[in-house]
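These are my notes from one sitting with the model. I went through helix packing, then the cores, then the ring pairs.

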Amino acid sequence: MSFDLIVRNGTVVDGLGGSPFVGDVAVRDGVIVEIGPAVGRAGGAQHVIDATGLLVTPGFIDLHTHYDGQSIWSDRLNPSSAHGVTTALMGNCGVGFAPCRLADHDVLVDLMSGVEDIPGVVMTDGLPWTWETFPQFMDAVDQRHRDIDVAAFLPHSPLRVYVMGQRGADREPATPEDLEHMRRLAREAAEAGALGFSSSRLMTHRTKTGSQIPSYDASFAEIQAISRGLADGGGGLIQFVPDLPAGAYQPVLQQVFDAAIESSLSVTFSLLIGNTGPPLWQDAMAMVEAANGSGAAITAQVFPRPIGLMVGLDLSIHPFVLYPSYRRIAGLPLAERVAEMRKPEVRQQILADSPSIVPTNPLAYMAQSWDWTFPLDDDADYEPEEAKSIAARAKARGVSPVEEAYDRLLDDDGRAILLDALANFENNSLDTVGTLMRRDDVVLGLGDGGAHYGMICDSSFPTYVLTHWARDRASGRLSVEVAVRELTSVPAQVAGLADRGRIAVGYKADLNVIDHQNLRLHRPVVTYDLPAGGRRLDQTADGYVATVVAGEIIAENGKPTAARPGRLVRGRQPAPA
């Protein structure tokens, strides 16, 4: 018997949390057909990967990405695919590119540029805009082959603008006719293969021109109508980003739970842990426990390292971006800007200034949180000691935090990157994150691949889980089998993709072969490979010996191959018989 691929003699981690074992995994026609010792020794295979001493895991699943644009203009979904992700869910946070009428293209470009930090020219040059309805957008995605699979949510804000026009963009209340229209379109999207719908109430989610996003003030009746439409089309998952300016997750999160329960939908929502103040996450988890105790299917989606920003002179945000004195040189090329900033008189002028430019993105105000800002070296330490913060370093030098930040930004000829750890870093540690990661009602996510190109590079989190949490951390480590389960079968179950996320006969042959002991995450770097020469952060890793999608090798030793087996996943997928 011949096979398309055999991964030979690896330490198989099945994705379900079972004990690892040494064996072979054989693949034919894109699915796993045999597992065990000495598989296919007689018939052989077209391709054989020697995995002796290496981990063999299912491909990783990222529930929270924004590859809506990149899946159209590119055949590679990196950084995610460089970190073992083989399935990515896009259309999160209630933003995306469909449905959209021709007259509203600028509205959605403004929306995605502000919320997801995607330069407008990238979207106008990179997208063909050959669709209007959500099913037409799905067809456009389906026509493009890429390295990994994608699935999509129906995003709330484009839906609202499509139904209500300017009234929707202006956040006016939806009429009964509007609600019925949204329900019909939600059913249409589900029937076309949407895994669910996404929405956001996050205050910092704003358009490029500074307005709140269309879904920000949406009523319970609106969430309920869309939920009912999703149920009409076969059901699915609600992805939701709640807001916390009022100091509590209630009441809007409960409204989403209630709408989902009525329509027999599941929910996953973004949960963050404040660095200081009352532990509001406890109230959210109490709500989850109560709802799930009544038969609901709700998970809190948690990021396994600090939630924050990458700040630097060549990025979207840094501590001086709102200073008028800096703005006078902001348009210079990086090398010239650095040369100016190293002049004593320019340094003195900027340090004597203060932020007075009004930003369209409120995140710009957060770039001076000195207690939570840390230089990020090539070891990419995302749980740094308090002594490494800008505040602590400044105190040790006898200078102000502003001076210390100024000097650190000029390191590496201005290419230095600082980590601004705004959340998930309670008591200067990830202990609370570690506690949450072990809960059955929590799922890992929030990689945000395909967005925040100039301020976030979080889609590398699977590598961080395997290195920091499953190998290097001094305390509270996860076993390898638990870490892999949290990256594979758990998100697969939440998404309704029961055909993947485990190594078992009949399941989709999405696999990673990993040199766990030598797995290493590098610091993010700036590249200019988006359409129209747009800038983005990229991040690579050592230790991925091979990544396989549908039985085809898409990367070997960190280098992409020519294989593009990735497809659009339409709708929830049943488990193999």
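Entry 1, helix packing. I looked up how helix α7 (residues 176–192) meets helix α8 (residues 220–232) in this predicted model. Their axes come within 7 Å and cross at roughly 35°. The crossing of α7 past α8 is right-handed. From α7, I listed L179, M182, R183, A186, R187 and A190 in the contact. On the α8 side I found A221, E222, A225, I226, R228, G229, L230 and D232. I sorted the residues of this contact by type and got eight nonpolar, one polar and five charged.

I then asked which residues have the most contacts inside the largest nonpolar core. That core has 119 residues, and the ones with the most contacts inside it are W131, F134, F137, F257, F269, L271 and L466. Apart from it lies another core, of 24 residues, including F320, V346, I390 and Y406.

I took F269 for a neighbour list, leaving out residues up to four places away in sequence.

I counted 10 aromatic pairs. F320 has a relative accessibility of 0%, and Y323 has 3%. The cut-off for buried is under 20%, so I marked F320 as buried and Y323 as buried.

F320 also pairs with Y406, again edge-to-face, at 5.4 Å centre to centre and 70° between the planes. Where in the chain do F320 and Y406 sit? F320 is in the loop between β13 (307–311) and α11 (324–327), while Y406 is in helix α15 (residues 401–409). The two are 86 residues apart, and I noted the pair as a link between distant parts of the chain. Both F320 and Y406 are buried.

I also found a cluster in which ring pairs link F97, W129, W131, F134 and F137. Of these, W131, F134 and F137 had already turned up among the residues with the most contacts in the largest core.

Is H105 buried or exposed? I read a relative accessible area of 12% for H105, which is under 20%, so it goes down as buried. H105 lies in helix α2 (residues 105–116). Not counting residues up to four places away in sequence, H105 touches C100 and W129. W129 is one of the residues in the ring cluster from the previous entry.

Key
Residues are numbered from 1 along each chain as its sequence is written. This is a predicted model: local features need pLDDT of at least 70, side-chain atom pairs count only at pLDDT 80 or more; totals for chains, interfaces and linings use all residues. Side-chain values use heavy atoms; hydrogens and water are left out. Helices (H or I, at least four residues) and strands (E, at least two) are DSSP runs, numbered from the N terminus. Buried means under 20% relative accessible area, exposed over 50%, partly exposed in between (1.4 Å probe, protein chains only). Contact means heavy atoms within 4.5 Å. A nonpolar core is a set of buried Ala, Val, Leu, Ile, Met, Phe, Trp, Tyr and Cys residues joined through side-chain atoms within 4.5 Å. Axes are lines fitted to C-alpha atoms, for helices over the stretch in contact, and angles run from 0 to 180 degrees between N-to-C directions. A crossing is left-handed if the near helix is turned anticlockwise from the far one by less than a right angle, and right-handed if clockwise. Ala, Val, Leu, Ile, Met, Phe, Trp, Tyr, Cys and Pro count as nonpolar, Asp, Glu, Lys and Arg as charged, and the others, Gly among them, as polar. Rings of Phe, Tyr and Trp (its six-membered ring) pair if their centres lie within 6.5 Å; planes under 30 degrees apart count as stacked, over 60 as edge-to-face and the rest as tilted.
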